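Have a look at the sequence and the model first, then read on.

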Amino acid sequence: RKLGSGADIVSGGELKRALKAGIPPEKIVFSGVGKTPEEIELALSAGILMFNVESIEELETLGEIAKKLNKPAPFALRVNPDVDPQTHPYISTGLKKNKFGIPEEQVIDAYKKAKEHPYLNPIGLDAHIGSQITSVSPFKDALYRLKKVWEALINLGLELKYLDIGGGLGIVYENEEPPLPQEYAEAIIE
């Protein structure tokens, strides 16, 4: 917090901890599967930056809660870009066969529908392809696919501000040789 960081949370408990630690709500992103209506309401009332929405059903729930609170809900949809993260299959989340995120071919229609909802505020696009990724190429592949979706959404008149390309950069447990964060950043910039 003292260095200006925000928080990426996955529960109401983490929201409470982040706020208690002094993280400004406008620097908090609520990601992850299984958000309860109570957690969504708590985060929306706190004024967080945005929700990374995992499914069409979660988007509908977010819209209902936002309407109930009379407070627009800023969000990004989590795209499943069907990219192989080249990691252990148990921690892979970006392939079409994985149940995480919204299939790329359904994302545009979901944003079109959300754009018409008076309490849903689309402000970003999100993806998370897995954990313990030890190469930058899967991140580049995912970003290439996200850029196409981003451009299509901009062409629809959406004013997106945030592209959340997820985490997942590996660390050394045994003999792995993950790229340094600088290499990851250079690949993304490229």
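Let's begin with a pairing: Phe-51 has Phe-75 in S4 as its bridge partner. The chain gets from S3 to S4 by way of helix H3 (residues 56-69), and this β-α-β crossover is right-handed. Right-handed here means that, with the strands pointing away from the viewer, the path from the first strand over the helix to the second runs clockwise.

A few ground rules before going further. This is a predicted model, in which local features need pLDDT of at least 70 and side-chain atom pairs count only at pLDDT 80 or more, while totals for chains, interfaces and linings use all residues. Residues are numbered from 1 along each chain as its sequence is written, and side-chain values use heavy atoms, with hydrogens and water left out. Helices (H or I, at least four residues) and strands (E, at least two) are DSSP runs, numbered from the N terminus.

How many of the residues of strand S4 are buried? In S4 (residues 73-80), 8 of its 8 residues are buried. Buried means under 20% relative accessible area, exposed means over 50%, and partly exposed is in between (1.4 Å probe, protein chains only). In a regular strand the side chains alternate between the two faces of the sheet. Here, Ala-73, Phe-75, Leu-77 and Val-79 point one way from S4, while Pro-74, Ala-76, Arg-78 and Asn-80 point the other way.

| Partner of S4 | Bridges | Direction |
|---|---|---|
| S3 (residues 50-53) | 3 bridges | parallel |
| S6 (residues 120-126) | 6 bridges | parallel |
| S5 (residues 102-103) | 2 bridges | parallel |

To place a couple of these on the model, find Ala-73, which stands opposite Leu-120 in S6. Then find Val-79, which stands opposite Ile-102 in S5.

**Rings and the core**

Now for the aromatic rings. A search of the whole structure finds 3 aromatic pairs. Rings of Phe, Tyr and Trp (its six-membered ring) pair if their centres lie within 6.5 Å; planes under 30 degrees apart count as stacked, over 60 as edge-to-face and the rest as tilted. One of the pairs is Phe-30 with Phe-51: their ring centres are 6.0 Å apart and their planes are at 20°, so the pair is stacked. Phe-30 lies in strand S2 (residues 28-30) and Phe-51 in strand S3, so this pair ties together parts that are 21 residues apart in sequence. Both Phe-30 and Phe-51 are buried.

Phe-75 and Tyr-111 form another stacked pair, with 5.8 Å centre to centre and 20° between the planes. Since Phe-75 lies in strand S4 and Tyr-111 in helix H4 (residues 104-115), the pair ties together parts that are 36 residues apart in sequence. Phe-75 counts as buried because its relative accessibility is 0%, and Tyr-111 counts as buried at 0% too.

Which residues touch the most other members of the largest nonpolar core? Of its 40 residues, they are Phe-51, Phe-75, Leu-77 and Tyr-111. S4 gives the most to this core, with 5 residues. A nonpolar core is a set of buried Ala, Val, Leu, Ile, Met, Phe, Trp, Tyr and Cys residues joined through side-chain atoms within 4.5 Å. A second, separate core of 6 residues includes Ile-129, Ile-133, Phe-139 and Tyr-184.

**Helix H2**

Helix H2 (residues 37-46) has Glu-39, Ile-40, Ala-43 and Leu-44 as its buried residues. Seen down the axis of H2, they fall within an arc of 130° (taken from the directions from the helix axis to the C-beta atoms), so they line one face of the helix. What covers them includes H1, S2, S3, H3 and S4. Just after H2, Gly-47 takes a positive phi of about 85°.

**Two loop residues**

Most residues other than glycine have a negative phi. Asn-70, in the loop between H3 and S4, has a positive phi of about 55° although it is not a glycine. Is Asn-70 buried or exposed? Asn-70 is exposed, because its relative accessible area is 55%. Gln-132 also has a positive phi of about 55° without being a glycine, and its place is in the loop between S6 and helix H5 (137-155). Gln-132, though, counts as buried, at 17% relative accessibility.

Technical notes. Two strands pair if DSSP finds at least two bridges between them. Contact means heavy atoms within 4.5 Å.
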